[in-house]
Amino acid sequence: MSVTAAKGFTAAGIAAGIKGNGNPDLALVVNTGPRRAAAGVFTSNRVKAAPVVWSQQVLADGELTAVVLNSGGANACTGPQGFQDTHATAEKVAEVLSAQGTDVGAGEVAVASTGLIGILLPMDKLLPGVEKAAAELSEHGGEKAAIAIKTTDTVHKTSVVTKDVPGGAWTVGGMAKGAGMLAPGLATMLVVLTTDADVGSTGLDSALRGATRVTFDRVDSDGCMSTNDTVLLLASGSSGVTPEQDAFTAAVREVCDDLARQLIGDAEGASKDIRIEVINAATEDDAVEVGRSIARNNLLKCAIHGEDPNWGRVLSAIGTTAAAFEPDELNVAINGVWVCKNGSVGEDRDLVDMRYREVTVTADLAAGTESAVIWANDLTADYVHENSAYSS
């Protein structure tokens, strides 16, 4: 049930006519309380879409009642009018929810958009769509909401974790969209996470940042950073259970990790999911830097698409970083076969079996004890086609 798996939430997903093909394109998620705590993490791109700027502002007090999301247009690089449209969208949500008996102002409504950059949203369709979505709000509307935020996604993405503890159970649920522009600073993704745990905004913020740092921020499919990345975590408190912070963070991370893997698995045009594990680094930052460099090496991505265990391209990627290592101490394994040992030829590369979807690249820096995992994809003709044949 995605974002409505946790108690205290309703959701809806409808076709407002924003997309020309008539597919669902507007989602609404509402926190019915009793608590309305929230936290958010956004793109680190300096070019930010109007909804990102708006949502960062309304989250300043750590509370949200609703989130409205649209696909079919990013409302990014749209100037003052784009921001006015975002404000008008939040005002409309507040108006219709208040008419239903939920006392809410525009400052309690986050807005998120995804789609083509540089075009204004059709407000004559979006605002009536808000009314339609509000009329269809349901405790079972999570899946429809997840479907409505898809762009080039081939499948909708949801995840749920429930924890049974003395005194009751609590749940974290979530939905995500994203298939391209997947790079650090999150991904071209909209994510809404919900929980019925009784957690305040400070605890939510800590858990969310701890989770995204090692999940969404370590997805690097194509090296392109979005203008619209938004990850929100809302708490209704309706379970009446206040979990230990570590347990809560672990549950949020579990949901985020699941959604991040679904993003990689649905990346545009991909035929391989690449798990890049950097081990024995001097620092975690070194491990992440090396992992990102490997993930963004187009020659390696092409080789993996062709099922060629070309470890030389891994070494060349490592060599572009500032990480601590000695070139003649580097080791590289592809799907468990150490094809490079001590910076030179290792085991027979013909032993590497790359027929399956997941490929593992292990880079041993022999410089310390720290590690990190980055997820990436191969580079395919289908990816080029999807991003050149039409606007996406």
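This is a predicted model: local features need pLDDT of at least 70, side-chain atom pairs count only at pLDDT 80 or more; totals for chains, interfaces and linings use all residues.

Colleague: Is Ser159 buried or exposed?

Modeller: Ser159 is buried, because its relative accessible area is 6% (buried means under 20% relative accessible area, exposed over 50%, partly exposed in between, with a 1.4 Å probe and protein chains only).

Colleague: And what is Ser159 in contact with, leaving aside its neighbours within four places in sequence?

Modeller: Its partners there are Val172, Gly173, Gly174, Val255, Asp258, Leu259 and Gln262, where contact means heavy atoms within 4.5 Å. Val255 is 96 residues from Ser159 in sequence, yet their C-alpha atoms are 5.8 Å apart in space. With Asp258, the Ser159 side chain makes a polar contact, side chain to side chain, at 2.7 Å; a polar contact is a pair of N or O atoms within 3.5 Å, and within protein one must be able to donate a hydrogen and the other to accept it, with residues adjacent in sequence counting only if both atoms are side-chain atoms.

Colleague: Switching to helices, how do α2 and α3 sit relative to each other?

Modeller: The axes of helix α2 (residues 79-99) and helix α3 (residues 123-135) come within 9 Å and cross at roughly 25°; axes are lines fitted to C-alpha atoms, for helices over the stretch in contact, and angles run from 0 to 180 degrees between N-to-C directions. That makes α2 roughly parallel to α3, since angles under 35 degrees count as roughly parallel, over 145 as roughly antiparallel, 65 to 115 as roughly perpendicular and the rest as oblique. Among the residues that meet are Asp85 and Thr89 in α2, and Met123, Leu126 and Leu127 in α3.

Colleague: What about Thr89 on its own, is that residue buried or exposed?

Modeller: Thr89 counts as buried, because its relative accessibility is 4%. A polar atom of the Thr89 side chain lies 2.8 Å from the backbone oxygen of Asp85, and the contacts of Thr89 beyond four places in sequence include Val68 and Val111.

Colleague: How do α1 and α2 cross, then?

Modeller: The axes of helix α1 (residues 50-58) and α2 come within 8 Å and cross at roughly 50°, and the two are therefore oblique to each other. Trp54 is one of the α1 residues making the contact, and Phe83 is one of those from α2.

Colleague: Which peptide bond is cis?

Modeller: The bond from Gly33 to Pro34 is cis, with omega near 20°, and Pro34 lies in the loop between β2 (26-31) and β3 (37-42). Most peptide bonds are trans, and most residues other than glycine have a negative phi. Asn75, however, has a positive phi near 50° and lies in the loop between β4 (66-70) and α2.

Colleague: Last one, where does pLDDT stay under 50?

Modeller: That happens over residues 181-187, pLDDT being the predictor's confidence in each residue, from 0 to 100. For the protein chain, the mean pLDDT is 93, and 96% of its residues reach 70 or more.

How values were computed
Residues are numbered from 1 along each chain as its sequence is written. Side-chain values use heavy atoms; hydrogens and water are left out. Helices (H or I, at least four residues) and strands (E, at least two) are DSSP runs, numbered from the N terminus.
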